[in-house]
Amino acid sequence: MTTLFIHIKQLIQVREKGLLKVSGKDMKTLPFIENAYLLIENDSIKDFGPMADCRSTKADTIIDATGKIVMPTWCDSHTHVVYAGNRVQEFVDRINGLSYEEIANRGGGILNSAEQLQNTTEDDLYKQSLARVKQLMALGTGAIEIKSGYGLTVNAELKMLRVIKRLKTDLKIAIKATFLGAHAVPKHFKDNKQGYLNEIATKMLPKIKDEQLADYIDIFCEKGYFDLDDTDFILTEGKKYGLTPKIHVNQFNAFGGVALAVKHKALSVDHLEELNENDIEALKNSNTMPVALPSCSYFLSIPYTPGRALIDAGLPLALATDFNPGSTPSGNMNFVVSTACIKMKLTPEEAINAATLNGAYAMDYSNDLGSITIGKKANIILTKAIPSFHYLPYAFGENCIDKVMINGEFIS
Ligand code: NIG
Ligand code: FE
């Protein structure tokens, strides 16, 4: 047994056991303790409280963090961090006037990434992805969801999911895997979308189940990609193999995908840049977490998810990066939190709740992660000396992180 004792200026996101998410007005509160201690035993949080109540400071290691803040690591519930190469040329093309849609219609976009991934070995894909995951861990992320969806053939989708499985085995960071075969219709099924959907249902899903490669099922429910019937079909098929839905919806158009996802008891609905009253109504009285991806809005110059409207309607909200080569080549949750405050008008308390506990919920991790709670995993960010947690989103672009601990160990 090893123990670590930290004396801290401000310990934030302190929660009782059993709280799985925060919604509506409750998101305005981020419980914290000033002049606090945190005791870690092996990989878990053993105890914490105000220094004044501390009975013993005995531990194998003692850290004096009296000018610093400790908080749970970020929980990034939406990434595509396993990908090959990059799409830098499309970035330049967009600056020169082409739209994301125009690039996709020319065979770029997701199909460009699919081609690059087809030509990359599993080992190389693993190495490229490992480097990205290590980078985001250093930025304070302690749990991520990773999607497939740049394979679009049986073998390439399996290649992606096996890489995710290897990352899970090799790294301490908590990882959930999502099968996103229905990310785009591949070239070899052009004009035969149903043929591709059948391939997903009859060839991909059974293999994924055999090798236990995924936790969730996703689909890009969007004009020009997959419609409501396709979404209904894929979510139904996925559920036959035990995969819970967690879908891309309302990125560019709102046409009923949110209500459909809620009907399928989706764990989360992600993007929501275009949102109407019916979508908000559908989310009320559901257990589905709305997820906003503000760095995608930033990078593509598209509207920001109306997070204010969701929270003001009493709903919860989670924030994630969407780290991917096309719409968000960044896995920086600190930037996401800042951008949510600056562009979506979330308060720092709301944004931090959205990026920790609610992010954990959107990966079924809130029993173990997302808050400072006795018994949860010791996944913490130790900041540099900063005035208060409000400074984190305020000082956008500044790296306020001193150390990151995952499962009780500081990462180097
Ligand atoms: O979430 N919208 C769909 N999928 C990804 C990006 C796809 C890409 O451009 O590679 C997203 O933004
Ligand atoms: Fe995405």
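The shell around ligand 1 holds four nonpolar, seven polar and one charged residue (Ala, Val, Leu, Ile, Met, Phe, Trp, Tyr, Cys and Pro count as nonpolar, Asp, Glu, Lys and Arg as charged, and the others, Gly among them, as polar). This is a predicted model, in which local features need pLDDT of at least 70 and side-chain atom pairs count only at pLDDT 80 or more, while totals for chains, interfaces and linings use all residues. Residues are numbered from 1 along each chain as its sequence is written, and chains are lettered from A and ligands numbered from 1 in the order in which they are written.

Me: Which residues are around ligand 1?
Reply: A residue is near a molecule if its C-beta atom, placed from the backbone, lies within 6 Å of it. The residues around ligand 1 are Gly109, Ile110, Ser113, Phe220, His248, Gln251, Cys296, Asp322, Asn324, Pro325, Gly326 and Ser327.

Me: At which residues does UniProt place the feature "binding site"?
Reply: The UniProt entry is unreviewed; its positions are given in the numbering used here, feature names are shortened, and annotations may be inferred rather than shown by experiment. Although spread over 245 residues of sequence, they cluster in space, with a largest C-alpha distance of 12.0 Å.

Me: Is His248 buried or exposed?
Reply: A residue is buried if 20 or more other C-beta atoms, placed from the backbone, lie within 10 Å of its own, exposed if 12 or fewer, and partly exposed in between. His248 is found in strand β9 (residues 244–249); helices (H or I, at least four residues) and strands (E, at least two) are DSSP runs, numbered from the N terminus. Because 28 other C-beta atoms lie within 10 Å, His248 is buried.

Me: Which residues is His78 in contact with, leaving aside its neighbours within four places in sequence?
Reply: His78 lies in strand β5 (residues 74–79) and counts as buried, with 30 C-beta neighbours inside 10 Å. Two residues are in contact if their C-beta atoms, placed from the backbone, lie within 7 Å. For His78 these residues are Glu145, Asp270, Val291, Leu293, Ala320, Thr321 and Asp322.

Me: Which are the edge strands of the open sheet of eight strands?
Reply: The strands follow the order β5-β6-β7-β8-β9-β10-β11-β12 with parallel pairing; two strands pair if DSSP finds at least two bridges between them. Within this sheet, β7 (residues 174–182) and β8 (residues 216–221) pair over three bridges. The strands that pair on one side only are β5 and β12 (318–319).

Me: Why is strand β1 largely enclosed by the rest of the structure?
Reply: Strand β1 (residues 3–12) pairs with β2 (residues 32–41) in the antiparallel sense over nine bridges. Strand β1 also pairs with β4 (residues 61–72), in the parallel sense over seven bridges. It is largely enclosed because, of its 10 residues, the number buried is seven.

Me: Which element gives the largest share of the side of domain 1 that touches domain 2?
Reply: An automatic or database domain assignment sets the bounds, giving domain 1 (3–72 + 371–410) and domain 2 (74–361). In the contact between them, 25 residues of domain 1 meet 29 residues of domain 2. The elements giving two or more residues to that side of domain 1 are α15 (391–394) and β14 (401–406). The largest share, three residues, comes from β14.
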